[in-house]
Amino acid sequence: MDNQTKPLAGKRVIILGGSAGLGLATAKLAAAESADIVIVSSNQQRINKALEELPQGSTGFAVDLSREDNIKNFFDNAGSFDHLVYTAGENLNLNIIAETEIEKARQFFNLRFWSAFAAVKYAAPHINKGGSISLTSGVAGARPGSGWSVAASICSAMEGFVRAMAVELAPIRVNCVVPGVVKTNLWDSMSDADREALYKDTGDALLLKRVGEADDIALAFTYLIKQQYGTGQNIVVDGGAVLV
């Protein structure tokens with residue numbers, strides 16, 4: 001297939017948070033379309049396991065993404081590339097505001113927002129012509145529940161950041177995927193029973209009668225990478241959550 005019918009062929013895609021969950025699903029899908037994959041996360045063992053599921057030639061780097069200097073050093077040495085995907089984030093920890101420790105709330109912004117901010121800052125100079133940046137938000141920004149004050153704030157901040165960067169970094173395309181509840185390790189801090197109850201109760205309430213799978217979100221990321229005319233967009237993939 002030529003590059004018109006296989007637009008990711010030979011394109012170098014760096015996925016921060018690419019060793020599990022949404023990032024790994026996106027890596028697999030982009031690799032299946034002949035992209036050259038680089039995954040980055042903090043855990044070397046998880047990277048090694050993820051690389052076993054990716055084509056030969058894919059590479060992985062262990063980087064503590066909670067530190068700005070680590071992000072800068074990674075991109076200073078990464079060379080040029082075509083697309084950046086940022087899916088990194090720790091497990092969710094929800095609390096009503098009366099029980100929220102503000103210093104811990106600030107820390108929750110670090111990996112999910114400020115590290116993404118730093119990744120954009122240090123990656124942008126190395127992105128090839130026609131390239132893109134794809135970030136991650138969540139429907140909590142539009143439809144928060146009780147206990148979601150911090151998570152909803154991060155989601156809303158990310159979506160505003162996407163619009164600002166689309167203007168500032170043009171013609172690099174900057175977009176964001178906004179998932180609903182998805183079956184990933186994001187929920188591993190919950191007990192098995194509570195997690196399954198969340199999936200069932202949430203799925204039953206959605207228009208599509210199920211929660212998402214990582215592959216559903218990977219399709220959105222690969223769309224944003226491949227399309228050439230959309231920027232500053234926050235693409236909602238949520239089974240209809242914002243409508244019910």
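## Starting in a loop: Ser-34

Let's begin with Ser-34, which sits in the loop between helix H1 (21-32) and S2. This is a predicted model, and here Ser-34 has a phi near 75 degrees, a positive value in a residue other than glycine.

## Another positive phi, and a cis bond

Now look at the loop between helix H6 (192-205) and strand S8 (212-213), where you will find Lys-209. Lys-209 is not a glycine, yet its phi is positive, about 60 degrees. With a relative accessibility of 57%, Lys-209 counts as exposed, because the cut-off for that word is over 50%.

The loop between H5 and S6 holds Pro-171. A cis peptide bond links Ala-170 to Pro-171, with omega about 15 degrees.

## Helix H5 and its cover

Helix H5 covers residues 149-168. How far apart should its ends be? At 1.5 Å a residue, its 20 residues should span 28 Å, and the end C-alpha atoms are 29 Å apart, so the two values agree.

Several residues of H5 are buried, among them Val-150, Ile-154, Met-158, Glu-159, Phe-161 and Val-162. The cover over the buried residues of H5 includes helix H4 (102-123), along with strands S5 (127-136), S6 (173-179) and S9 (234-237).

In soluble globular proteins, nonpolar side chains tend to be buried together. In this model, the largest nonpolar core has 43 residues, and those with the most contacts inside it are Ile-14, Leu-16, Phe-74, Phe-75, Leu-84, Ile-133 and Leu-135. Elements that each supply at least two residues of this core include strand S1 (12-16), strand S2 (36-41), helix H3 (68-78) and strand S4 (81-86). H4 gives the largest share, 10 residues.

Leaving aside residues up to four places away in sequence, Leu-135 touches Met-158, Phe-161 and Val-162, and its other contacts include Tyr-86, Val-120, Val-177 and Phe-221. There is also a second, separate core of 25 residues, which includes Leu-8, Leu-24, Ala-50 and Ile-217.

By class, the lining of the second largest pocket has 6 nonpolar, 6 polar and 4 charged residues.

Technical notes:
Residues numbered from 1 in each chain as written. Predicted model: local features only at pLDDT ≥ 70, side-chain atom pairs only at ≥ 80, totals over all residues. Heavy atoms only, no water. Helix = DSSP H or I, 4+ residues; strand = E, 2+ residues; numbered from the N terminus. Expected span 1.5 Å × (residues − 1). Buried < 20%, exposed > 50% of the residue type's maximum accessible area, 1.4 Å probe, protein only. Contact = heavy atoms within 4.5 Å. Core = buried A, V, L, I, M, F, W, Y, C linked by side-chain atoms within 4.5 Å. Nonpolar A, V, L, I, M, F, W, Y, C, P; charged D, E, K, R; others polar.
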